[in-house]
Amino acid sequence: MSDALTTKFIEVQNVEQTFKTQKGPFTALQNVNLTIAKGEFVALIGHSGCGKSTLLNLIAGLTTPTQGVLLCANREIAGPGPERAVVFQNHSLLPWLTCFENVYLGVERVFGTRNPGAPAETKAQLKERTDAALALVGLSHAAQKRPGEISGGMKQRVGIARALAMEPKVLLMDEPFGALDALTRAKLQDELLEIVARTHSTVVMVTHDVDEAVLLSDKIVMMTNGPAATIGEVLHVDLPRPRNRVALADNPAYLGYRKAVIDFLYTRQAHVEKAA
Amino acid sequence: MVSAVFHTPLEGAPAPQPAATPRHKNSNSIAVSASQKSAEGQKHMKYKNTLRWDWRELALTVVPPLLGLGLLVGLWALVSISTGASIPGPVETWGQAVQVFSDPFYRNGPNDQGVGWNVLMSLQRVAVGFGLAALVGIPAGFAIGRFTFLGRMFNPLISLLRPVSPLAWLPIGLLVFKGANPAAIWTIFICSIWPMVINTAVGVQRVPQDYMNVARVLNLSEWKILTKILFPAVLPYMLTGVRLAVGTAWLVIVAAEMLTGGVGIGFWLWDEWNNLNVMNIIIAIVVIGVVGLVLEFALVKLASAFTFDEVKS
């Protein structure tokens with residue numbers, strides 16, 4: 001793989017997103033430019049309504065931009081696909097399938113059919129992949145349970161397992177821990193750090209949690225308030241990995257990054273309530 | 001549009017069992033806190049209260065329906081007396097009912113058969129007509145809900161044809177099928193297809209966008225989307241459609257059979273009117289009601305067995 005591809009794995013070029021509403025067109029995003037390197041962990045942060053989820057959906061291919069181009073590995077993103085797996089905010093597990101079946105659904109789709117360069121895998125291999133993904137998030141014991149029978153944190157872990165099991169090029173996470181309590185969230189963040197370190201995944205995560213952004217990311221993309229939101233500032237987080245939340249708690253560099261994000265969000269982009 | 005809400009016919013009456021549970025719990029906690037005298041006294045009071053409450057609850061569950069039934073029978077008796085027994089009273093009708101039900105499956109020729117045969121024949125017509133409607137209506141509902149183009153194509157047609165009384169289709173059925181029985185089935189087919197098409201289509205349209213996004217991200221095939229996402233998500237809506245369809249079909253079959261003749265509960269009712277046997281008419285009304293209630297109850301049970309509570313969570 002060439003260097004250019006490694007540093008410009010995902011490219012967002014001059015993207016604008018306009019929605020048709022009853023009051024006329026609404027510009028959610030404007031003039032968004034962003035490059036993400038392979039293996040990079042990027043957090044999108046901003047006040048609610050600033051279009052961070054819109055940007056994530058664009059990268060996922062769930063929506064198409066009204067203007068501009070999005071590229072992944074030098075190819076235009078034309079639609080959603082398993083190479084850009086999404087972990088949804090509300091986990092979006094299918095309630096009538098067991099955790100195993102939920103993960104298997106994606107695995108079967110990606111590895112169960114013949115792809116260029118790789119033959120279709122056997123049922124046993126697919127099952128093995130599914131089990132491995134559930135083991136990765138520590139949920140082997142809950143494989144045969146339905147989503148309704150497990151806690152919110154476990155559901156979100158199944159969602160992560162489903163995404164990871166497809167071996168995506170990019171892992172897209174839309175406020176994955178937003179609905180969880182603080183302790184569960186911290187635990188899952190630590191697990192995610194470990195998993196990403198092991199799998200070298202490229203991750204784009206939408207969050208509104210400053211600590212989460214600084215702890216996990218290599219790069220924090222701070223967005224201005226909507227409408228017509230854009231990228232206000234990009235902060236490179238240069239903290240060594242593996243990161244430990246306890247050790248970082250009084251690390252001056254960490255606190256500096258944290259201060260920079262808070263400063264952006266609450267001093268320069270503080271007028272959010274007026275808009276809402 | 002038709003909403004997919006399940007109403008059990010017996011929903012209004014709370015089952016006595018839940019009321020009994022707290023009493024049981026209380027009696028357990030008494031044993032634990034037996035050493036604390038004052039606490040025990042209080043608990044004992046509570047225990048007594050819950051016991052009495054329990055009886056009241058039971059009475060409240062059983063007495064009102066009985067009162068309602070009593071009111072109906074009372075009114076009936078009153079009407080019977082005031083019309084000089086041209087409408088038979090409850091007591092004589094009861095006697096006649098015992099006689100009718102003592103031999104429900106006799107056959108004295110095509111126009112004189114037991115009430116059991118009549119009910120079974122009606123149910124058979126409903127089953128065939130309804131089954132055909134389900135075969136056509138449910139897939140049609142899926143297609144109309146899934147593809148906007150088809151939805152726009154067929155929605156005006158459905159809106160136009162749905163308000164037409166199913167009996168208006170009976171002559172067309174007689175003309176095309178040249179027989180009373182297929183015409184009756186045709187009428188049932190027409191009346192039960194709309195609720196199934198509409199409810200299935202609405203169900204498909206209301207599948208949470210999140211699930212469809214999952215399907216898109218996983219790039220599932222249309223077949224997988226249908227079997228793993230659409231079908232389970234739509235099932236509760238579909239079963240509501242089925243329930244409404246069966247209810248309507250049971251309403252319509254009586255009317256259709258009055259017009260077409262043959263063997264069936266509706267025909268039996270009309271035949272007894274021609275014989276001026278009013279007691280049998282009243283019995284037929286009760287039988288139709290009971291069968292309808294049983295159908296409704298069975299389908300509600302079926303629907304709730306396939307509804308996932310955590311769909312929204």
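How much space lies in the largest pocket?

## Largest pocket

The largest pocket of this predicted model holds about 540 Å³ of space. A pocket here is an open set of points on a 1 Å grid over the protein atoms alone, where a 1.4 Å probe fits, with protein on both sides within 12 Å along at least five of seven lines. Its volume is the space filled by probe spheres set on the points, which are joined across faces, edges and corners.

The lining (residues with an atom within 4 Å of a point) has 22 residues, and A:R75, A:G81, A:P82, A:E83 and A:K169 lie nearest the centre. At least two lining residues each come from β5 (75–76) and α3 (99–111) of chain A; α3(A) gives the largest share, three residues. Helices are DSSP runs of H or I with at least four residues, and strands are runs of E with at least two, numbered from the N terminus. By class, 10 lining residues are nonpolar, five polar and seven charged. Nonpolar covers Ala, Val, Leu, Ile, Met, Phe, Trp, Tyr, Cys and Pro; charged covers Asp, Glu, Lys and Arg; the others, Gly among them, are polar.

## Second largest pocket

About 460 Å³ of space lies in the second largest pocket. Its lining has 14 residues, with B:L72, B:V73, B:W76, B:I282 and B:V286 closest to the centre. Of these lining residues, 13 are nonpolar, one is polar and none is charged.

In chain B, α2 (37–82), α3 (90–102) and α11 (278–305) each supply at least two lining residues. The second largest pocket lies between domain 1 (37–87) and domain 2 (92–312) of chain B, because both give residues to its lining. The domain bounds come from an automatic or database domain assignment.

## Basis

Residues are numbered from 1 along each chain as its sequence is written, and chains are lettered from A and ligands numbered from 1 in the order in which they are written. Local features need pLDDT of at least 70, side-chain atom pairs count only at pLDDT 80 or more, and totals for chains, interfaces and linings use all residues, while side-chain values use heavy atoms, leaving out hydrogens and water.
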